[in-house]
Amino acid sequence: MQIIFLLVGILGLVMFFLGMKTLIKIYFNKAIAQLNLSENPTEINFEKIGTYSLCFVGGYANNKGNFDLYISNNGTQLDVYEKQMKFKFKHKGQLTTEFYQFEVESIGKHKFEFKNIADLEIKKSMLLLKRIFQNQVTNNNVEIVIRETSKTSSFIISLLMAVFGFNIAGWGFILAFNPHILT
């Protein structure tokens, strides 16, 4: 019985390390380009195929109406999705919100065009009660970062693997080395 619990503990440890490896990779995704919201339209050169996100630097972003982003490559428009789970992180010491996600399927220059910029609301705080009383950051001061990202599902799966792997490893090793707990 102890060998089975030891194998379960090792399996949990492997799950934990695989989940943490993916989470660390996601955290250290590199920024591809930086631009200002007022620059319209802008061309950015993508050197590899993959999943990217458009992030607003300076606070928590919210679409109050019809703010939209159009990305095209050689006349072909890319599918751009507003993220349901808007992850927040620090970029150069400022709160940054991942807002849009898109797939780049061919390398080269891509044209970014923003529509209805006045409908974008950015406030400094993530906290709802604090945001109610804050003034909106002016759109001229909003900086945008394009960065590599991963799908939300892979983030959630790696997070669950890390948490459950840690728990499985802990219980597996505890029961392998202390079998009297079960009696």
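Visitor: What covers the buried residues of α1?

Guide: The cover includes β12 (143-148) and α3 (152-177). Keep in mind that this is a predicted model.

Visitor: Which residues of α1 are buried?

Guide: The general idea comes first. An α-helix has 3.6 residues a turn, so residues three or four places apart point the same way. In this case, Phe 5, Gly 9, Gly 12, Phe 16, Gly 19, Leu 23 and Ile 26 are buried in α1. The helix runs over residues 2-27 and spans 37 Å from its first C-alpha to its last, close to the expected 38 Å.

Visitor: Is His 110 buried or exposed?

Guide: His 110 has a relative accessibility of 1%, so it counts as buried, the cut-off being under 20%. This residue lies in strand β10 (residues 108-115). Its side chain reaches the backbone oxygen of Gly 108 at 3.0 Å. Among the residues that His 110 touches are Thr 42, Phe 46, Ile 71 and Val 104.

Visitor: How much space lies in the largest pocket?

Guide: Rolling a probe the size of a water molecule over the atoms shows where empty space is left. Here the largest pocket holds about 260 Å³. Of its 15 lining residues, Ile 26, Tyr 27, Phe 87, Arg 147 and Phe 155 are the closest to the centre. The helix α1 gives the most to this lining, three residues.

Visitor: Which residues line the second largest pocket?

Guide: His 110 is one of them, and others include Asn 73, Leu 78 and Tyr 81. By class, that lining has two nonpolar, five polar and three charged residues. The space in the second largest pocket is about 160 Å³.

Terms used: Residues are numbered from 1 along each chain as its sequence is written. This is a predicted model: local features need pLDDT of at least 70, side-chain atom pairs count only at pLDDT 80 or more; totals for chains, interfaces and linings use all residues. Side-chain values use heavy atoms; hydrogens and water are left out. Helices (H or I, at least four residues) and strands (E, at least two) are DSSP runs, numbered from the N terminus. The expected span of a helix is 1.5 Å times one less than its number of residues. Buried means under 20% relative accessible area, exposed over 50%, partly exposed in between (1.4 Å probe, protein chains only). Contact means heavy atoms within 4.5 Å. A polar contact is a pair of N or O atoms within 3.5 Å; within protein, one must be able to donate a hydrogen and the other to accept it, and residues adjacent in sequence count only if both atoms are side-chain atoms. On a 1 Å grid over the protein atoms alone, a cavity is a set of points where a 1.4 Å probe fits but cannot get out, and a pocket is an open set with protein on both sides within 12 Å along at least five of seven lines; lining residues have an atom within 4 Å of a point. Grid points are joined across faces, edges and corners, and a volume is the space filled by probe spheres set on the points. Ala, Val, Leu, Ile, Met, Phe, Trp, Tyr, Cys and Pro count as nonpolar, Asp, Glu, Lys and Arg as charged, and the others, Gly among them, as polar.
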